[in-house]
Amino acid sequence: EFQESLVVILSGVTGNAVLGRSGATVNIVDAGPPILLVEDLTNRAIALDSSTFTRDPFSVTNPNNLSTETRRRISLFVWRLALRPTDTPADLIVIAEDDQGRVYPLTVEHAGAMNDLTLVTQVIVRLPDDVIGAPRDLLVSVQLRGVISNKGIVKIAAP
């Protein structure tokens, strides 16, 4: 969220209490945008196949899925996403872009805090049906309530 301020005013003092100050302004400072976790010096998103926990390059289908739906799911990890208790996966927008300007919206299937890393959110997305010109790199970003993360590279393998 953007920086916010509120004014606190104390009144109605009872007994022998004396107020030195009757009010104050409290500023709530924005912690900054969410950060998609990437490898140092490479800008490669830290992304794992959701069923095999392997790294990219990812094909868009996954024969290891335990259902008839073979679209690959990957886990992305985002620091400071600041999910509210009322937020659902539908509130997140995850976009992948190729170097030709094509945009691939990624369906978010899960978003939740990591058990031991409370400031890190695991976001599971379904890869698109096809990526034109694969193999190629896609730049992925995560958006929540209009605030967009940095971009990280996810490598897509040949079909």
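Where is L10 found? L10 sits in the loop between β1 and β2, and the notes below start from there.

1. **What you are looking at.** This is a predicted model, in which local features need pLDDT of at least 70 and side-chain atom pairs count only at pLDDT 80 or more, while totals for chains, interfaces and linings use all residues. Residues are numbered from 1 along each chain as its sequence is written, and side-chain values use heavy atoms, with hydrogens and water left out. Strands here are DSSP runs (E, at least two residues), numbered from the N terminus.

2. L10 has a relative accessibility of 45%, so it counts as partly exposed. The scale is simple: buried means under 20% relative accessible area, exposed over 50%, and partly exposed in between (1.4 Å probe, protein chains only). L10 belongs to a nonpolar surface patch together with L6, V8, V13, L19, V26 and I28, and their accessible area together is about 510 Å². A patch takes residues with over 30% relative accessible area and no salt bridge, and nonpolar side chains (Val, Leu, Ile, Met, Phe, Trp, Tyr) are joined within 5 Å. The areas come from the Shrake-Rupley method with a 1.4 Å probe, and for residues only the protein chains shown count as cover.

3. **The largest core.** Now turn to the inside. In soluble globular proteins, nonpolar side chains tend to be buried together. Here the largest nonpolar core has 26 residues, and those touching the most other members are I74, L76, L92, V94, V123, V125 and V154. At least two core residues come from each of β5 (73-79), β6 (92-97), β7 (103-113), β8 (120-126), β9 (136-144) and β11 (152-156). A core of this kind is a set of buried Ala, Val, Leu, Ile, Met, Phe, Trp, Tyr and Cys residues joined through side-chain atoms within 4.5 Å.

4. **β8 and its partners.** Of the 7 residues of β8, 5 are buried, so this strand is largely enclosed by the rest of the structure. β8 pairs with β5 in the antiparallel sense over 7 bridges, and one of the bridge partners is I124, which stands across from S75. β7 and β8 also run antiparallel, joined by 6 bridges, with G112 opposite Q122. A hairpin of 6 residues connects β7 to β8. Two strands count as paired if DSSP finds at least two bridges between them.

5. **Salt bridges across the chain.** How many salt bridges does the structure hold? There are 14, each a side-chain nitrogen of Lys or Arg within 4 Å of a carboxyl oxygen of Asp or Glu. In one of them, R71 meets D129 at 3.2 Å, N to O. This pair links distant parts of the chain, 58 residues apart: R71 is in the loop between β4 (47-49) and β5, and D129 in the loop between β8 and β9. R71 is buried at 12% relative accessibility, whereas D129 is exposed at 63%.

6. **Two further pairs.** K151 and E97 form a salt bridge whose closest N and O atoms are 2.8 Å apart. K151 lies in the loop between β10 (147-148) and β11 and E97 in strand β6, so the pair ties together parts that are 54 residues apart in sequence. D99 and R136 form another, with the closest N and O atoms 2.4 Å apart. D99 is in the loop between β6 and β7 and R136 in strand β9, 37 residues apart. D99 is exposed at 62%, but R136 is buried at 15%.

7. **Backbone spots to check.** Most residues other than glycine have a negative phi, and most peptide bonds are trans. Which peptide bond has omega near 15°? The bond from D56 to P57 does, and it is cis; P57 is in the loop between β4 and β5. The bond from A134 to P135 is cis as well, with omega near 10°. N43 has a positive phi, near 65°, and R145 has a positive phi of about 50°.

Note on methods:
Patch = residues over 30% accessible without salt bridge, like charges linked within 9 Å, V, L, I, M, F, W, Y side chains within 5 Å. Helix = DSSP H or I, 4+ residues; strand = E, 2+ residues; numbered from the N terminus.
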